[in-house]
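Hi,

Here is the structure I promised to send over. Have a look at it first, and then read on for my notes.

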Amino acid sequence: MGLGRIPASAQPLAPCDCSRPQFSLCAMDQQPSSAPTLRVPEEVAPDRNKEAGKKMNNWKDQVTNFFTKGRKKKGQPSLAETEGEPESSPRPPAQLPTVEELKADLERGRLEAAGLLLALELELQEAAAAGLASAEELVRLQSKVEALYALLRDQVLGLLRRPLEAAPERLRQALAVLAEQERRDRAAAAAGPPGCSGLAATRPRGWLQLWRDGVAQAAAERLSRRPAADAEGRTEAERAFLHMGRTMKEDLEAVVERLKPLSPADLRVVAAYAESYHAEFAAQLAALTQSELCPRDTYMLLFWVQNLYPNDILNSPKLSPELQGVRLGTLLPQTQIRQLEATFLSNEVAIVRKWMARALELELERWTKDEAPQRLDGRCHSELAIDIIQIISQGQDKAESITLDLGTQIKPFLLEELARFLRSYQRAFDDFLERCRQLRNYRANVIANINNCLPFRTSVEQQWQTRPDLRSSLLRPLNALQSRGFDTLLQSLFGDLKPLFKRFMQPRWDGPQQTLEEILSIVDKRMPEFSELQDCFQEELLEAVHLHLVKEYITRLCKRRLVLKTAEQQQQLAGLVQANAQHIQQFCAQNGSRATWLHHALPTLAEIIRLQDPSAIKIEVAMYAILYPDFSKDHLSAILAIKGNLSSSDTKSIRSVLDSNTGAHEPSKALFSLIKVGYLFPCPNLLRSAWQAWDTTLFRGCQTSTSVTAPGGPSGCRAFCCCCCPGLAKEWAPEPLELEQLCPDDPSCGAGAVEGSSVDESGACMP
């Protein structure tokens with residue numbers, strides 16, 4: 001008889017078809033719809049007290065027949081007669097098993113006997129309630145029932161201890177017995193203590209808890225096994241994590257696939273296994289955290305607790321639907337998780353710092369050994385930027401692999417380390433520029449390091465969104481490195497252009513267009529030297545060249561070597577400046593310069609030189625100061641000095657336009673702040689005073705123009721003299737004075753423009 005035929009409720013079985021009241025167990029092959037019970041016919045109910053003795057005797061006879069070994073009813077075979085029959089052969093309908101027969105069935109693992117045992121327990125309880133047996137008899141009979149239950153318990157729990165090794169049908173029977181016993185326990189607990197005397201309280205028997213204890217023990221045995229060392233170099237903790245996670249996932253999936261379909265729903269078999277494995281996993285991790293963890297193990301522990309365990313195990317496709325209502329919680333308390341996360345952040349930042357320093361060290365060794373950089377698509381290439389970005393990204397990815405929130409927390413720390421690294425990188429590059437000029441691959445390595453700025457800058461501006469101050473601290477070293485690299489690459493070119501610019505602005509303006517053509521020709525011939533720069537840096541370098549050409553041109557205009565008295569002369573100079581500006585702009589644009597902000601620098605100055613109306617000049621000056629906020633009064637004075645027909649009052653009025661613009665705008669890009677105002681040339685009156693003080697023959701015989709400090713003018717103001725002999729220059733202090741050290745508004749100083757005077761190429765004053 002299968003366990004499925006056992007009644008789920010405590011309703012009594014239908015009475016046996018007997019002619020007189022008696023206690024009986026239905027035949028094993030009878031279809032039981034309820035538990036067996038003692039029945040008293042209605043016709044004898046009124047005389048129940050009178051017939052009590054007779055019933056007791058009848059009950060004793062029936063029970064004695066059941067519990068007596070080897071006895072049989074009339075027409076029933078003895079146990080000896082049935083020993084040779086197969087186990088699966090059914091007993092005759094009227095046959096009742098003895099205790100020894102039930103015991104033998106249970107010992108052979110025949111869990112079908114659980115139904116008869118349960119029926120016997122119920123009849124015993126009813127008999128005790130009806131007072132049909134003495135206390136001694138009840139104790140004796142109950143002890144035999146409990147002995148059979150102990151045997152049944154061992155059989156059931158033994159099967160469930162290794163469920164995957166048992167046959168499915170036997171496993172189904174064991175789970176059904178366990179579920180039925182749990183239902184009987186709950187019913188007994190709900191009914192309260194038994195009201196009958198003579199029987200000891202045997203429920204709840206707690207088989208379900210015993211089974212759960214066995215599951216917990218099995219989980220501990222399975223998870224506590226330590227795997228052997230593998231060839232992949234994992235630490236002991238990593239191997240333990242991997243073993244526990246894999247074992248738990250595989251075991252729970254096996255429970256879902258093979259055990260759950262055989263189990264009654266009220267057993268919640270998947271939840272029982274999940275809770276036991278979770279508790280053991282948590283206990284193992286708690287023990288592990290008591291010891292000192294290396295950075296690698298700290299990361300692995302957090303990775304399992306925060307990511308792999310909840311996502312890959314509990315939320316796996318097979319387990320997630322089964323664990324929806326199971327509240328397992330986290331493997332570690334939140335306070336301990338936060339402590340481990342803080343430790344991880346500190347460890348990871350230190351690791352990133354170490355690897356970045358090592359990468360820079362290897363790069364410096366390559367520079368000092370004069371190794372040529374790699375060429376990639378015709379560009380000088382260095383792996384340093386790629387290595388550093390990978391180090392930062394790996395640190396970020398490790399944190400995000402634990403939780404996205406931890407990735408957000410580590411980001412500013414990593415970027416601070418990157419900013420510190422970039423400052424070290426800039427200092428190392430500056431040192432390389434100073435000490436390694438004679439190396440053969442010097443320029444190639446300079447270009448490679450400039451190209452390194454591109455991936456760094458792209459990551460800072462596009463990939464790593466950060467606060468403005470941190471962004472500035474990241475870009476500042478890169479900008480400085482690029483600027484120093486450009487200065488080094490352009491130093492030779494600008495050195496070749498310097499003598500040409502020196503003769504560019506001559507007093508008589510002989511061949512200025514030819515000079516400009518020569519300058520641009522040299523620039524054009526030298527451009528292939530920069531072809532190994534990335535395209536964006538070639539454009540920025542052309543912008544630097546463009547800036548240099550405009551800056552040097554303005555510098556020559558500010559030297560005050562030319563004073564034009566008539567409007568026609570000023571218009572002629574303005575036209576020349578305008579033409580040169582157009583030529584410079586076209587050349588630089590054709591070569592890739594995008595410095596459109598320089599387009600108005602020279603044309604507007606030409607317009608100021610051309611205009612004669614002071615009011616119109618004021619408007620141009622005001623607009624010019626907006627375009628170039630670093631355009632100062634000193635620069636304006638130098639340009640106005642060219643206009644020899646401009647009175648001192650007009651000059652002062654025009655200069656006042658810049659009073660309202662001083663400090664109003666910070667220049668986004670520097671132009672006039674790079675231009676030092678040229679030396680001032682005194683008027684003939686000041687020269688005449690100098691001739692009176694010293695031997696004028698020295699001046700007449702001098703052909704060398706040397707800038708020296710001149711004596712004070714009539715008002716005591718210091719000025720410059722650009723026309724003196726070498727001996728006098730040697731005697732005077734050689735330190736020139738800047739424009740702001742003079743007093744151009746002092747009429748007696750002579751530092752302003754002088755009508756009808758200029759200085760020729762040899763340094764002699766001309767009327």
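Let me begin in a loop: Asp370 sits between α11 (334-368) and β1 (374-376). Bear in mind that this is a predicted model. Asp370 isn't a glycine, yet its phi is positive, at about 60°. With a relative accessible area of 17%, Asp370 is buried, as that value falls under the 20% cut-off.

Asp377 is worth a look alongside it. You'll find Asp377 in the loop between β1 and β2 (379-381), and its phi is positive too, near 55°, again in a residue other than glycine. Is Asp377 buried or exposed? Exposed: its relative accessible area is 72%. As background, most residues other than glycine have a negative phi, and most peptide bonds are trans.

On the peptide-bond side, the one to check is Arg203 to Pro204, which is cis with omega near 5°. Pro204 belongs to the loop between α6 (168-191) and α7 (207-224).

Another proline I looked at is Pro163, in the loop between α5 and α6. Pro163 has a relative accessible area of 10%, so it counts as buried. What does Pro163 touch, once its neighbours within four places in sequence are left aside? The contacts are Leu171, Leu259 and Tyr273. There is also a C-alpha to C-alpha separation of 8.8 Å between Pro163 and Val255, which are 92 residues apart along the chain.

Now some helix packing. Two packed helices are described by the angle between their axes and the distance between the axes. For α3 (residues 99-107) and α5 (residues 135-161), the axes come within 9 Å and cross at roughly 10°. That angle is under 35 degrees, so α3 runs roughly parallel to α5. On the α3 side the contact is made by Val99, Leu102, Lys103, Leu106 and Glu107, and on the α5 side by Leu148, Leu151, Leu152 and Gln155. Sorted by class, this contact has six nonpolar residues, one polar and two charged.

Which residues of α3 are buried? They are Val99, Glu101, Leu102, Asp105 and Leu106. After α3 comes Gly109, with a positive phi near 85°.

Last topic: aromatics. A search of the whole structure turns up 19 aromatic pairs. Here are two of them.

- Trp367 and Phe432: the ring centres are 5.2 Å apart and the planes are at 40°, so this pair is tilted. Trp367 is in helix α11 and Phe432 is in helix α13 (residues 404-435), so the pair ties together parts that are 65 residues apart in sequence. Both Trp367 and Phe432 are buried.
- Tyr624 and Phe631: the ring centres are 4.9 Å apart and the planes are at 90°, which makes the pair edge-to-face. Tyr624 counts as buried at 0% relative accessibility, and Phe631 counts as buried at 4%.

Trp367 and Phe432 also turn up in one aromatic cluster, together with Phe421, Tyr425, Phe429, Tyr442 and Phe456.

That's what I have for now.

Cheers

Conventions:
Residues numbered from 1 in each chain as written. Predicted model: local features only at pLDDT ≥ 70, side-chain atom pairs only at ≥ 80, totals over all residues. Heavy atoms only, no water. Axes fitted to C-alpha atoms, helices over the stretch in contact; angles between N-to-C directions. Helix = DSSP H or I, 4+ residues; strand = E, 2+ residues; numbered from the N terminus. Parallel < 35°, antiparallel > 145°, perpendicular 65-115°, else oblique. Contact = heavy atoms within 4.5 Å. Nonpolar A, V, L, I, M, F, W, Y, C, P; charged D, E, K, R; others polar. Buried < 20%, exposed > 50% of the residue type's maximum accessible area, 1.4 Å probe, protein only. Phe/Tyr/Trp six-rings, centres within 6.5 Å; stacked < 30°, edge-to-face > 60°.
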